[in-house]
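Please look over the structure shown here before reading on.

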Amino acid sequence: MIMKIVFATNNAHKVTELTDFFKKHYTGCIEIMSLSQVGFTDEIIENADSFEGNAFIKASAVCRATGLVAIADDSGLEVDYLGGEPGVYSARYAGVSCSDSDNIQKLLGKLEGVPYEKRSARFVSVICACFPSGKTLSARGVCEGIILTEKRGDGTFGYDPVFYYPPLKRSFAELELDAKNKVSHRGNALRQFVSVFDLSDG
Ligand code: IMP
């Protein structure tokens, strides 16, 4: 039987990364649906103080409203020099309806003059699944890197152009989707997640 899964996000880049991973892992066993396909338009208030809490808020709201298995990613960037900022505020670091460029500009401003060795940071992703039965699962993945002093590459989204991944000597914005998924926080969370996710639970 094919399991119907709703991805509880309106972020097109996250949908692309999640779909790519799930389609490869569960070829022919799942049908992925977007929020617009299931007609979900409610606003979800992500007011938890952890990635785990926000991922659960999103997945549980969509599961409850649709009666389908819902999967959400909550993610963000933690910069050591800034005591873990922007963390759960990554999407709205420069203000409620700010753009990715606004966020990057604010981040680079706060790190002006900070030397390479103090620019360590990590992306964090928590993937949460909520089942109509009430069961929930979650998995966390991280990826360590360095915040650049200026953007390198584009395409992709968020802080990718300023997140440098030393093992590949590239920023995340300079990587193909497949290469990013192999090492990224979201890829690492997803690899953990599929080791506990059971298609027969749906
Ligand atoms: P969320 O939709 O509340 O989980 O917000 C996550 C935010 O973290 C995004 O809007 C980006 O700013 C940032 N972020 C998370 N994952 C990535 C990534 O893979 N690349 C770049 N930025 C990311």
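Predicted model: local features only at pLDDT ≥ 70, side-chain atom pairs only at ≥ 80, totals over all residues.

The ligand takes up the space of the largest pocket, and 17 residues stand around the ligand. Strand 3 is the element to keep in view: it gives the most residues to the shell around the ligand and also the largest share of the lining of the largest pocket.

**The ligand and its shell**

- Among the 17 residues around the ligand, those that come nearest are Lys14, Asp160, Lys180, His185 and Arg186.
- Sorted by class, this shell holds 8 charged, 5 polar and 4 nonpolar residues.

- The side chain of Lys180 places an N or O atom 2.8 Å from an oxygen atom of the ligand.
- For Glu46, a polar side-chain atom is 3.1 Å from a ligand oxygen atom.
- With Arg186 the ligand atom is a nitrogen, and a polar atom of the Arg186 side chain lies 2.8 Å from this nitrogen.
- The ligand taken alone exposes 490 Å², of which the protein buries 92%.
- Two elements give two or more residues to the shell around the ligand: strand 3, residues 69-79, and helix 5, residues 185-194.
- Strand 3 contributes 4 residues to this shell.

**The largest pocket**

- The volume of the largest pocket is about 890 Å³.
- Its lining is made up of 34 residues, and Asn11, Lys14, Glu46, Lys58 and Ala91 are the closest to the pocket centre.
- The share from strand 3 is 3 residues.
- By class, the lining divides into 12 polar, 11 nonpolar and 11 charged residues.

**Backbone details**

- The peptide bond that joins Glu85 and Pro86 is cis, with omega at about -5°.
- Pro86 belongs to strand 4, which covers residues 85-86.
- Lys169 is a residue other than glycine with a positive phi, near 50°.
- The place of Lys169 is the loop between strand 7 (163-165) and strand 8 (170-171).

Notes. Residues numbered from 1 in each chain as written. Heavy atoms only, no water. Near = heavy atom within 4 Å. Polar contact = N/O pair within 3.5 Å; in protein donor to acceptor, adjacent residues only side chain to side chain. Areas by Shrake-Rupley, 256 points an atom, 1.4 Å probe, with all protein chains shown as cover. 1 Å grid on protein atoms, 1.4 Å probe; cavity = no way out; pocket = protein on both sides within 12 Å on 5 of 7 lines; lining within 4 Å. Sits in = over half its atoms within 2 Å of the grid points. Nonpolar A, V, L, I, M, F, W, Y, C, P; charged D, E, K, R; others polar. Points joined across faces, edges and corners; volume = space filled by probe spheres on them.
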